[in-house]
Amino acid sequence: QVQLVESGGGLVQSGGSLRLSCAASGSIFRINTMGWYRQAPGKQRELVAHITSGTNTNYTDSVKGRFTIAGDNAKNTVYLQMNSLKPEDTAVYSCYAYIQGYSKGWSHYWGQGTQVTVSS
C-alpha cells in the first residue's frame with residue numbers, strides 16, 4: 001500500500017507565505033507525478049501545480065509567479081512553496097501522486113487534505 005502524508009497548512013495573513021509538504025511512503029517502485037489540487041467551498045476542485053519525472057512543472061495560471069513546486073526524489077516528497085498568498089487561495093489543498101507499486105502497478109493516490117486559510 002501507498003500513503004501520502006501532508007503537512008504545512010494553516011492560517012496566514014494576506015501577502016504571507018506557507019509551505020506544504022507531501023511525503024509518499026509504502027510499496028513504491030517509481031513515482032511519475034506528484035502535485036496539489038485545491039477545493040474552496042462551493043467551487044470545483046482545481047489543479048494547483050504538479051511535477052512530473054522530477055523536473056517538469058506545471059501551474060494553474062492564478063498561482064504562476066507566486067507558488068513553486070519542487071520534489072525530493074530521495075525522500076519521495078513534494079513541496080509547494082506558496083508566497084504572496086491571497087484570500088482567494090483559501091481552500092483545502094490535497095496532495096496526489098501517480099505511483100507504480102511493486103505489486104499493484106500504476107495507480108493514483110490522494111492525501112487527506114490540509115486547510116489553507118488566508119485572511120484579508
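Guide: One term is needed at the outset: a salt bridge is a side-chain nitrogen of Lys or Arg within 4 Å of a carboxyl oxygen of Asp or Glu. Please keep in mind that this is a predicted model.

Visitor: How far apart are the N and O atoms of Arg66 and Asp89?
Guide: The distance is 2.7 Å, and the two side chains form a salt bridge. Arg66 is in the loop between β6 (56–59) and β7 (67–72), while Asp89 is in the loop between β8 and β9, so this pair ties together parts 23 residues apart in sequence.

Visitor: And are Arg66 and Asp89 buried or exposed?
Guide: Both Arg66 and Asp89 are buried.

Visitor: Which other residue forms a salt bridge with Asp89, at 3.0 Å?
Guide: That residue is Arg38; the 3.0 Å refers to the closest N and O atoms. Arg38 belongs to strand β4 (residues 28–39) and Asp89 to the loop between β8 (77–82) and β9 (91–101), so the contact ties together parts that lie 51 residues apart in sequence. Arg38 is buried, as is Asp89.

Visitor: How many salt bridges does the structure hold?
Guide: There are 4 salt bridges. One of them joins the side chains of Asp61 and Lys64, with 3.0 Å from N to O. Here Asp61 is exposed, at 59% relative accessible area, and Lys64 is partly exposed, at 48%.

Visitor: Let us change topic. How many aromatic pairs are there?
Guide: A search of the whole structure gives 5 aromatic pairs. Tyr37 and Tyr96 make an edge-to-face pair, with 5.1 Å between the centres and 65 degrees between the planes. Tyr37 is in strand β4 and Tyr96 in strand β9, so to speak of sequence, they are 59 residues apart and the pair links distant parts of the chain.

Visitor: How accessible is Tyr96?
Guide: Tyr96 is buried, with 9% relative accessible area. Tyr37, at 22%, counts as partly exposed.

Visitor: Why is the pair of Tyr96 and Trp110 called tilted?
Guide: Their planes stand at 35 degrees, with the ring centres 5.5 Å apart, so the pair counts as tilted. An angle under 30 degrees would count as stacked and one over 60 as edge-to-face. Trp110 is in strand β10 (residues 105–110) and is partly exposed, at 39% relative accessibility.

Visitor: Which cluster do the ring pairs form?
Guide: They link Tyr37, Tyr96 and Trp110.

How values were computed: Residues are numbered from 1 along each chain as its sequence is written. This is a predicted model: local features need pLDDT of at least 70, side-chain atom pairs count only at pLDDT 80 or more; totals for chains, interfaces and linings use all residues. Side-chain values use heavy atoms; hydrogens and water are left out. Helices (H or I, at least four residues) and strands (E, at least two) are DSSP runs, numbered from the N terminus. Buried means under 20% relative accessible area, exposed over 50%, partly exposed in between (1.4 Å probe, protein chains only). Rings of Phe, Tyr and Trp (its six-membered ring) pair if their centres lie within 6.5 Å; planes under 30 degrees apart count as stacked, over 60 as edge-to-face and the rest as tilted.
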